[in-house]
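Colleague: I have just opened the file and would like to go through it with you. Where shall we begin?

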Amino acid sequence: MKITALLTSATALAAAVLLAACAAGTGEPSAPAPGAYADVNGLHMYYEIHGTSSGTPPLVLLHGALSGIGTDFGQLIPELAKTRQVIAIEQQAHGHTADIDRPLRDEQMAEDTVALLHSIGVQRADLLGYSMGAGVALQITLTHPDLVRKQIIAAGSLDENGLRPGLLDGIAGLRPDMLYGTTFHTDYLKNAPRPQDFGQLVARIREHDTTAMIRFPLAAVRAVTAPTLTVIGDSDAVRLEHAVEMFRVFGGDILGDTPAGLPNAQLAILPGTSHVSLVHRPELLLPIIAAFLDRTTHQPTS
C-alpha cells in the first residue's frame, strides 16, 4: 500500500517521453549484477544478494506496492550490506519480476518469498517489510515462524482500520497516468521485462488494496515470538494510534525499569517523515535497523 492518492500527474510532455520509452523497451532484460532469478510457484522471480554472510541470518528486504528493490531500498542496501548479507526480492508484477495470470495476494507473495529463500538455501532470516511488504513479512512470520529470527514492520498495518480515513477511496480511483513522471513509473520502465504492463500492475494494486487487503487476527499476532520492530513516519498513511496498538500486540508498551527489563518489541516513529519518504531517510532508519538487529534477544528473569 502506498499513498498513491497524494501523487500528482506529470506534464503531457513528460508522459509522452515516458510512453515512448515504454514502447521501445519491450525485450526481456537480462538480470543485472548482482541480480538473479528463481523459478518458484510458476513465477520467474527476481532477487539480489548484497554483502557477505556475517554469521547471523541474512536480512531479507520486501518492497512496497508499485515499487521495487532500487526504488525503495537503493539508499539503504549499500550501508546495510557493509555488516550483513542482504537479500532483496521483487514480487509478482513488480520490478524485474513479470506478472502471471493470478491475482496479487499477500498470502501468495509470502509463499513465493519463502520458496525462493529455500531454493537458495536460506533456512533462517531477518525480515524488513515496507508498506505492502510489511504485510508479506508478517504473513511469513505467522505461517513460517521457524524461518524468522526478527522482523521489522515498516509503514504497515494489521487491517484497513489502521489506515487514515479516505485513503482507500483514493486508491480505488487510481489510474496509471496519475503515476507518470514518478519513480514508480520510471523505474518500472527501466526494469520490467514487459514495460507495457505498467497499467496492469496499477490494476493489480488497486484490486489488492480495495478488495483483498489482508486482515491479521489479533490472537495470531499476539502469539508471535520473533522480536518485532514497528516503524512508522510521523506523517504516515498508517495512523499513529494504530502503530502504538501494533507495538502493544507484539508485546511492547510495558514498564521497562523492572527485573523483566525491556520487551523484545520496539517502536520507532521517524520525525518529519511520510509513508513514501520513510525508506528514503537513511540517516534516521539505518541506526535504528542496526541497533534492533544487533541487540541480544531479551530473556526474562525469573
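Modeller: Let us begin with Tyr 46, which is buried, with a relative accessible area of 0%. Please keep in mind that this is a predicted model.

Colleague: Why do you give both a distance and an angle?

Modeller: A pair of aromatic rings is described by the distance of the centres together with the angle of the planes.

Colleague: And which residue in β4 is the bridge partner of Tyr 46?

Modeller: The partner is Glu 90. Strand β2, residues 43-50, and strand β4, residues 86-90, pair in the antiparallel sense over five bridges.

Colleague: Is β4 mostly covered or mostly open?

Modeller: Strand β4 is mostly covered, since five of its five residues are buried. Val 86, Ala 88 and Glu 90 are buried on one side, and Ile 87 and Ile 89 are buried on the other.

Colleague: Why do the side chains divide between two sides like that?

Modeller: In a regular strand the side chains alternate between the two faces of the sheet.

Colleague: In which sense do β3 and β4 run?

Modeller: Strand β3, residues 59-62, and β4 run parallel and are joined by four bridges. In one of the pairings, Val 60 has Ile 87 of β4 as its bridge partner.

Colleague: How about the whole sheet: in what order do the strands come?

Modeller: Eight strands form an open sheet in the order β1-β2-β4-β3-β5-β6-β7-β8, and the pairing is mixed. β1, residues 35-40, and β8 stand at the edges with a single partner strand each, so one side of each has no neighbour in the sheet. From one strand to the next, the twist averages 20°.

Colleague: How many bridges does β1 make with β2?

Modeller: β1 and β2 pair over six bridges in the antiparallel sense. Within this pairing, Ala 38 stands opposite Met 45 in β2. The hairpin of β1 and β2 has two residues between the strands, and Asn 41 takes a positive phi near 50° there.

Colleague: Which other residues have a positive phi although they are not glycines?

Modeller: Among them are Ala 93, at about 75°, and Asp 253, at about 65°. Ala 93 has its place in the loop between β4 and α4, the latter being residues 106-119. Asp 253 has its place in the loop between α10 and β8.

Colleague: Are those two buried or exposed?

Modeller: Ala 93 is buried, with a relative accessible area of 3%. Asp 253 counts as partly exposed, at 44% relative accessibility.

Colleague: You mentioned α10. Which of its residues are buried?

Modeller: In helix α10, residues 240-249, the buried residues are His 242, Ala 243, Met 246, Phe 247 and Val 249. Seen down the axis of α10, they fall within an arc of 165°, so they line one face of the helix.

Colleague: What do they pack against?

Modeller: The buried residues of α10 pack against β6 (148-154), α9 (218-222), β7 (228-235) and β8 (266-274). Just after α10, Gly 251 takes a positive phi of about 110°.

Colleague: And where is Glu 241 found?

Modeller: Glu 241 is found in helix α10. At 49% relative accessibility, Glu 241 counts as partly exposed. The C-alpha atoms of Glu 241 and Gly 162 are separated by 8.1 Å, while the two residues are 79 apart along the chain.

Colleague: A change of topic: over the face of which residue does Lys 150 lie?

Modeller: Lys 150 lies over the face of Phe 292, at 5.2 Å from the ring centre.

Colleague: Finally, how many helices and strands are there in the protein?

Modeller: There are 11 helices and eight strands. Of the 302 residues, 51% count as buried. Among contacts between residues at least 6 apart in sequence, 76% join residues at least 24 apart.

Definitions and conventions. Residues are numbered from 1 along each chain as its sequence is written. This is a predicted model: local features need pLDDT of at least 70, side-chain atom pairs count only at pLDDT 80 or more; totals for chains, interfaces and linings use all residues. Side-chain values use heavy atoms; hydrogens and water are left out. Buried means under 20% relative accessible area, exposed over 50%, partly exposed in between (1.4 Å probe, protein chains only). The arc is that of the directions from the helix axis to the C-beta atoms. Contact means heavy atoms within 4.5 Å. Two strands pair if DSSP finds at least two bridges between them. Axes are lines fitted to C-alpha atoms, for helices over the stretch in contact, and angles run from 0 to 180 degrees between N-to-C directions. A charge sits over a ring if NZ of Lys or CZ of Arg is within 6 Å of the ring centre and within 35 degrees of the ring normal.
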